[in-house]
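Dear colleague,

Please find below the structure that I am handing over to you, followed by an account of what was found in it.

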Amino acid sequence: MKKIQHCSTCSIASVGGIESYLNGLLISLPEIYDPQIVNSLDDIDQSQCKLLHVHDAALLKSLNNQCPAVYTLHNHNIYCPSGSKYLSNQKAVCDRQMSLLGCTWGHLIDGCGSRRPQTIINNLSRAYGEFAEIKGLGITAIANSDYVRSQLIANGLPASQVVTVRCGIAKPSSPHLPLEKPIHDRQHIFFAGRIVPEKGLDWLLRTMPRLDARIHLDIAGEGWAMPQVRKLAEDLDLGDRITWHGWCQREQLENLYRQSFAVIFPSVWPEPAGLVTLESYARFRAVIASAVGGIPEHLEDGKTGILVEPHNIEQLAATITDLANNFDKARAIGIAGNELFHAEFTLDIHAQRLEAIYELAIAQFHARSSSASSYSALHSNEPQGNF
């Protein structure tokens, strides 16, 4: 029996968000997914495929409408030439629709991307080309949040062509328990992510001096902004209140979750979804997150986590302090998040929702093919003439 094929230029043997996601799906539903990732569509007979699930917009141009297909967005690139949707010079989320003038201005003046002319041209050409491809193909576009769906529709994709399927993640490979009092008493908070400005680590560091001196920050991650944030930490005299763990192996990461009473997710750019929230849920940890992009759609404010306004040092400090002083609240939020994870955000549940989309895409494709065949047969017997 033919199986559904995932299409991406990445490899599940490498490390990264999309790679981990695809690997998890293949493990969750081996009965419906081909185990091999399709890296190029140019050398396969698409008419023989059951369904192609595309995860890389660069592959859209190779689809030929000879089989059912769907496309999942994992980032903003298809409607944002810089891919950031964030104006770093203004420290504000970009609310513009994609346009030549607005996006060129964004690169050059607002700091949303590179200022190099050729890079700007390449970014614009790529985004406009990929958006035209998905619109022209007419296949279902899967958004991982209503925020992403709204951006697609605002830029001209028909609402009927876009469906929201929120993320799912694999369950931890090692056991986790609800927060315990000895762990809470250690007063550790945890940040995990790339060390780049849009992830908001500088905002968290500037908040640290307003917290009780007992609160210690563990940081897991690497990135090009590491020298800047380390210098900021030094200027703020935070040397003995921070541990820089760098890039962590999986079990080291799991232990850092276990040792914290809360996870801080201070992104200032509009995360399409924000998997840190779900990672925290799966590990019984309260998450304090920015109210930007798709993050609020994955978090029940005050119940499974707490939302804060981006760049608001006072609010972030007050929220961390509240959980630091209230063991019962921190534990209850972690337990509620874990319950929500098992009810809504496991990879198995996500895969089941994808199955429903596949079935509809396959049915619609065969209905269109049948209609086209009937039309062709009807008109094949008509007299031909000059028009």
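This is a predicted model: local features need pLDDT of at least 70, side-chain atom pairs count only at pLDDT 80 or more; totals for chains, interfaces and linings use all residues.

Strand β6, residues 140–143, pairs with β7 in the parallel sense, and three bridges connect the two. Within this pairing, Ala143 is placed opposite Thr164 of β7. Helix α4, which covers residues 146–154, packs on the sheet and touches both β6 and β7; the angle between its direction and that of β7 is about 170 degrees.

Strand β6 also has a partner in β3 (residues 69–72): the two run parallel and are joined by three bridges. Here Ala141 of β6 is the bridge partner of Tyr71. As for the side chains of β6, Thr140 and Ile142 point one way, while Ala141 and Ala143 point the other way. All four of these residues are buried.

These pairings belong to an open sheet of five strands, whose order is β1-β2-β3-β6-β7 and whose pairing is parallel. Strands β1 (5–7) and β7 (162–164) stand at the edges with a single partner strand each, so one side of each has no neighbour in the sheet. From one strand to the next, the twist averages 25 degrees.

A further open sheet contains six strands in the order β10-β9-β8-β11-β12-β13, with parallel pairing. Its edge strands are β10 (242–246) and β13 (306–308), each of which pairs on one side only. Neighbouring strands in this sheet are turned against each other by 20 degrees on average, direction ignored. At one end of the order, β9 (residues 216–220) pairs with β10 in the parallel sense over four bridges. In that pairing, Ala220 stands opposite Gly246 of β10. Helix α10, residues 313–324, lies across β8 (188–192), β11 (262–265), β12 (286–290) and β13, and runs at about 160 degrees to β13.

Turning to the aromatic side chains, the structure holds three aromatic pairs. One of them is formed by Tyr33 and Tyr358 in an edge-to-face arrangement, with 6.1 Å from centre to centre and 85 degrees between the planes. This pair links distant parts of the chain, as the two residues are 325 residues apart: Tyr33 is in the loop between α1 (17–28) and β2 (52–54), and Tyr358 is in helix α12, residues 347–380. Both Tyr33 and Tyr358 are buried.

Two asparagine residues may also be of use to you as reference points. Asn122 is found in helix α3, which covers residues 117–137. Its relative accessible area is 43%, so Asn122 counts as partly exposed. Between Asn122 and Leu87 there are 35 residues of separation in sequence and 19 Å in space, C-alpha to C-alpha. Asn255 lies in helix α8, residues 250–258. With a relative accessible area of 32%, Asn255 is likewise partly exposed. Asn255 and Ser174 are 81 residues apart in sequence, and their C-alpha atoms are 9.8 Å apart in space.

Finally, I turn to the chain as a whole. The protein chain has twelve helices and 13 strands. Its radius of gyration is 23 Å, close to the 21 Å that the globule rule gives for 387 residues, so the chain is as compact as a globular protein of that length. The C-alpha trace spans about 90 × 45 × 35 Å along its principal axes.

Buried residues account for 50% of the 387 residues in the protein chain. The accessible surface of the chain comes to about 17,900 Å², and 53% of this belongs to carbon and sulfur atoms. Of the contacts between residues at least 6 apart in sequence, 67% join residues at least 24 apart.

Yours sincerely

Technical notes:
Residues are numbered from 1 along each chain as its sequence is written. Side-chain values use heavy atoms; hydrogens and water are left out. Two strands pair if DSSP finds at least two bridges between them. Axes are lines fitted to C-alpha atoms, for helices over the stretch in contact, and angles run from 0 to 180 degrees between N-to-C directions. Contact means heavy atoms within 4.5 Å. The radius of gyration is taken over C-alpha atoms; the globule rule is 2.2 Å times the number of residues to the power 0.38. Buried means under 20% relative accessible area, exposed over 50%, partly exposed in between (1.4 Å probe, protein chains only). Accessible areas come from the Shrake-Rupley method with a 1.4 Å probe; for residues, only the protein chains shown count as cover. Rings of Phe, Tyr and Trp (its six-membered ring) pair if their centres lie within 6.5 Å; planes under 30 degrees apart count as stacked, over 60 as edge-to-face and the rest as tilted.
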